Amino acid sequence: MRSIWNGAISFGLVSIPIKLVNATESRSVSFRQIHTEDGGRVRYKKVCELDGQEVAAAEIGKAYEEADGTMIPITDEDLAALPLPTAKTIEIVAFVPAGEIDPLQMEAAYYLSANGVPAAKPYTLLREALKRSDKVAVAKFALRGRERLGMLRVVDDVIAMHGLLWPDEIRAPEGVAPETPVTVREAELDLADALMATLGEVDLDTLHDDYRTAVEQMIAAKAEGGEAVAPPTPGEEGGGQVIDLMAALENSVRAAKEARGEDAEVTELKPRARAAKKTTAQKTTAKKATAKKATAKKTTAEKAPAKKTTRKRPA
């Protein structure tokens with residue numbers, strides 16, 4: 001793997017020469033823009049707005065645009081003169097539990113490779129110290145013209161670094177959560193728990209990009225002169241609002257069980273609390289009915305005329 005940055009890790013007074021290597025790569029299918037009438041490539045040209053002439057890359061510089069549109073030219077020399085101690089150093093500033101790092105902050109991932117034989121010993125020392133502490137290192141480094149925040153952790157026998165956004169770059173989730181008051185019933189939570197348990201865990205290595213596969217198959221078919229279109233997968237169409245959440249949850253549990261080859265019966269998933277409430281309600285209704293009948297009999301007895309007793313006269 002080709003390194004994209006050379007420098008050193010600053011671990012207190014210990015300096016570890018390293019190379020920075022991209023830990024990820026994009027596998028997405030890329031497309032070109034074409035003129036639909038004749039299939040010709042459409043390319044972008046960098047043109048100066050003042051004279052309308054195309055500008056070569058060597059003649060393009062940087063500038064900061066003010067609010068009124070004024071451009072302030074910034075040269076590479078200006079940036080190089082700035083006091084940036086992390087220009088060639090990954091400076092470790094703290095060691096913290098991994099749980100303290102907000103996943104929202106994480107950006108690109110890199111591998112840190114020991115640069116040369118002398119770097120092997122301090123590199124291994126830092127790696128084993130991270131393993132034993134069960135913590136991650138928070139560091140500052142500079143890459144592509146700006147200072148960044150990073151997190152160092154151990155992956156197998158390699159030190160990996162995740163670029164982190166600065167805390168003030170994370171937006172507060174204001175106005176994102178539903179504003180309408182919603183009540184979630186225990187029965188719905190029970191079925192959601194059952195669905196989570198049924199789906200279970202997954203080996204992430206078994207997951208793949210179905211859309212990319214379909215695109216590649218479509219491209220191959222069109223390259224051979226066909227016009228094949230992948231059929232829609234079940235559930236693709238419609239996508240409307242879920243009307244009956246309980247039914248949707250029950251169907252989801254059933255489908256998940258069928259996919260795993262398990263018994264699809266979900267009647268046992270009905271929560272006990274719900275059944276208990278129903279039993280109590282039945283008992284209450286029965287008591288009311290009994291009391292009502294007793295009251296009705298009493299009322300009837302009071303309203304009914306008394307029977308006359310006929311005495312036989314002595315002969």
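## Briefing: strands, helices and turns

Strand β7 is joined to strand β8 (residues 146-155) by 7 bridges, and the two run antiparallel. The model is predicted.

- β7 spans residues 136-143. Of its 8 residues, 7 are buried, so the strand is mostly covered; buried here means under 20% relative accessible area.
- Lys140 has its bridge partner in β8, and that partner is Leu149.
- β7 and β8 form a hairpin. The turn leaves 2 residues between the strands. Arg144 sits in that turn with a positive phi of about 55 degrees.
- β7 also pairs with strand β5 (residues 89-96). This pairing is antiparallel too and has 5 bridges.
- Within this pairing, Val138 in β7 stands opposite Ala94.

**Helix α3**

- α3 covers residues 186-199, a run of 14 residues. From first C-alpha to last it reaches 20 Å, close to the 20 Å expected at 1.5 Å a residue.
- Which residues of α3 are buried? They are Ala187, Glu188, Leu191, Ala194, Leu195 and Thr198.
- Why do these residues fall on the same side of α3? They cover an arc of only 120 degrees around the axis, and that puts them on the same side.
- The face turned away from the buried side carries exposed residues: Glu186, Met196 and Ala197.
- Gly200 follows α3, and its phi is positive, near 65 degrees.

**Helix α5**

- α5 runs over residues 245-259 and has 15 residues. At 1.5 Å a residue it should span 21 Å. Its end C-alpha atoms are 21 Å apart, which agrees.
- Its buried residues are Met246, Leu249, Val253, Ala256 and Lys257. They lie on the same side of α5 because they cover an arc of only 100 degrees around the axis.
- Glu258 and Ala259 are exposed on the other side of α5.

**Positive phi in loops**

- Most residues other than glycine have a negative phi. The next two residues have positive values.
- Asp134 is not a glycine, yet its phi is positive, at about 55 degrees. It lies in the loop between α2 (120-133) and β7.
- Is Asp134 buried or exposed? Asp134 is exposed, because its relative accessible area is 67% and the cut-off for exposed is over 50%.
- Asp156 is also a residue other than glycine, and its positive phi is near 55 degrees. Its place is the loop between β8 and β9.
- Asp156 has 68% relative accessibility, so it counts as exposed.

**A nonpolar surface patch**

- Which residues form the nonpolar patch on the surface? Val182, Val184 and Leu189 form it. Together they have about 270 Å² of accessible area.
- Val182 is found in the loop between β9 (158-164) and α3.
- Val182 is exposed, with a relative accessible area of 63%.

Conventions:
Residues are numbered from 1 along each chain as its sequence is written. This is a predicted model: local features need pLDDT of at least 70, side-chain atom pairs count only at pLDDT 80 or more; totals for chains, interfaces and linings use all residues. Side-chain values use heavy atoms; hydrogens and water are left out. Helices (H or I, at least four residues) and strands (E, at least two) are DSSP runs, numbered from the N terminus. The expected span of a helix is 1.5 Å times one less than its number of residues. Buried means under 20% relative accessible area, exposed over 50%, partly exposed in between (1.4 Å probe, protein chains only). The arc is that of the directions from the helix axis to the C-beta atoms. Two strands pair if DSSP finds at least two bridges between them. Patches are made of residues with over 30% relative accessible area and no salt bridge: like charges are joined within 9 Å, nonpolar side chains (Val, Leu, Ile, Met, Phe, Trp, Tyr) within 5 Å. Accessible areas come from the Shrake-Rupley method with a 1.4 Å probe; for residues, only the protein chains shown count as cover. A salt bridge is a side-chain nitrogen of Lys or Arg within 4 Å of a carboxyl oxygen of Asp or Glu.
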